[in-house]
Amino acid sequence: MATIGPFIQTYGEQATWQNRGLGGRVAPTNWPTETYPASTIYIMVKETQTREVDTPAGRVTEKRINLWTTAALSPQDQIIYPALVGNTYEVESEGTPFYLFGTVWYRRFVAVLTA
Amino acid sequence: MASTDPRLTIKPIVDAWMALNVPTKNDGFTPTTYISLWEGGPERMKYLFYGLNFDFIMTFGNPETRSMRPIQDVPVHYQMTYPITVTTVDKWLGGALVSTGMWLQYKVTWEIRKGIEFQAQSVPPGLPAYTLRVISERTTHKRVGGVDVWETVHKVEYELGE
C-alpha cells in the first residue's frame, strides 16, 4: 500500500526550495546577510485564501496556500512553485509534522505569495 | 536635518558605553549577553533569544520628526526623536531563572541613560555636532508567541549642532 511520504514524492509537483540561511553581520545595521541556496523538492498544494489589501502604494493580492511535503522547511524559506518558473511563496508557519514510519515524516505548511 | 543618518551617531555611542558597562544577570555578577542592531532585521525574535541565546536586544528605529522655529511659515529646523527599543524575556538555565526580563529592563535603562549623558554633546572637532538627551521611556509587557516579552522604548532627542 502506498504511504503518503512516497506518494508525495511520486505524484507531487516539483518545486524549488530556497532554504534561508544567515551569514555574517554587516555594518551599520548589524543585520546578518541572507543566503538562499536552492534545491528541488516535491509538494502537494491547495489554495486556501485570497484577498485584496489596499495600501497607499496600490492594491495587493494576498494569496495563501497549504502545502504538504516531506522536506523540513522553516519560516521565511522560499518556495518557487512550479519549480524554477513559478511564483515565489514565503513559508509562514513552523509546519505541522505527521509521523509515518521509521524516519519518514511529512509536514503541512502555510505559505504566502510574495512575487 | 542631518545629512547623515543620526543612527550612525547614536548607535555607536550606546554600543561603546554598553560594552564597558554590561548589565548583570540576577546573581549580580554574571554579565548578560546582548545584541544591538537596527530595527527590522531578518532574524526572528525567538532565534535571537533562544538560538543565539542573547539576554536582551537593543534596536534602533526610525525617528519621529517635527518642524520647529517657523519663520513666515517656513520651518527652518526639524527636531528628530529616535526610539531605542530594549526587549527582554525571562531566561532559564537548568530549571532556574537566571535573568528576569522585567528586572533586566531597569538595569539596561540605567546604562542607556548614563551612556547618553556621557556623550550628550559632541566634542569638537568631532562631526557632526549634536546634542542628545533621553526625553521619555515607556515599558510595556505583552505575550507574543508563548513568550512574555518586556519592551522599553527610550526616546532620544537628537539635536543637530548648527
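**Figure 1. Contact between chain A and chain B in the predicted model.** Seven residues of chain A are in contact with seven residues of chain B. The structure shown in this and the following views is a predicted model. On the side of chain A that touches chain B, strand β3 (residues 31–35) of chain A gives the most, with three residues. By residue type, this side of chain A divides into four nonpolar, two polar and one charged.

**Figure 2. Chain A, with one helix and nine strands.** The elements of chain A follow the order α-β-β-β-β-β-β-β-β-β from the N terminus on. Of the 115 residues in chain A, 19% are buried. Where contacts in chain A link residues at least 6 apart in sequence, 52% of them join residues at least 24 apart.

**Figure 3. Chain B, with three helices and eight strands.** Along the sequence, the pattern of chain B reads α-β-α-β-β-β-β-β-α-β-β. The C-alpha trace of chain B spans about 65 × 30 × 25 Å along its principal axes. Buried residues account for 25% of the 162 residues in chain B. Among the contacts of chain B between residues at least 6 apart in sequence, 57% join residues at least 24 apart.

**Figure 4. Helix α3 of chain B, residues 101–118.** This helix has 18 residues. From its first C-alpha to its last, α3(B) reaches 26 Å, close to the 26 Å expected at 1.5 Å a residue.

**Figure 5. The buried and exposed residues of α3(B).** The buried residues in α3(B) are G101(B), L104(B), Q105(B), V108(B), I112(B), G115(B) and I116(B). Seen down the axis of α3(B), these buried residues fall within an arc of 105 degrees, so they line one face of the helix. On the other side of α3(B), the residues W110(B), K114(B), E117(B) and F118(B) are exposed.

Note on methods
Residues are numbered from 1 along each chain as its sequence is written. Chains are lettered from A and ligands numbered from 1 in the order in which they are written. This is a predicted model: local features need pLDDT of at least 70, side-chain atom pairs count only at pLDDT 80 or more; totals for chains, interfaces and linings use all residues. Helices (H or I, at least four residues) and strands (E, at least two) are DSSP runs, numbered from the N terminus. The expected span of a helix is 1.5 Å times one less than its number of residues. A residue is buried if 20 or more other C-beta atoms lie within 10 Å of its own, exposed if 12 or fewer, and partly exposed in between; C-beta atoms are placed from the backbone. The arc is that of the directions from the helix axis to the C-beta atoms. Two residues are in contact if their C-beta atoms, placed from the backbone, lie within 7 Å. Ala, Val, Leu, Ile, Met, Phe, Trp, Tyr, Cys and Pro count as nonpolar, Asp, Glu, Lys and Arg as charged, and the others, Gly among them, as polar.
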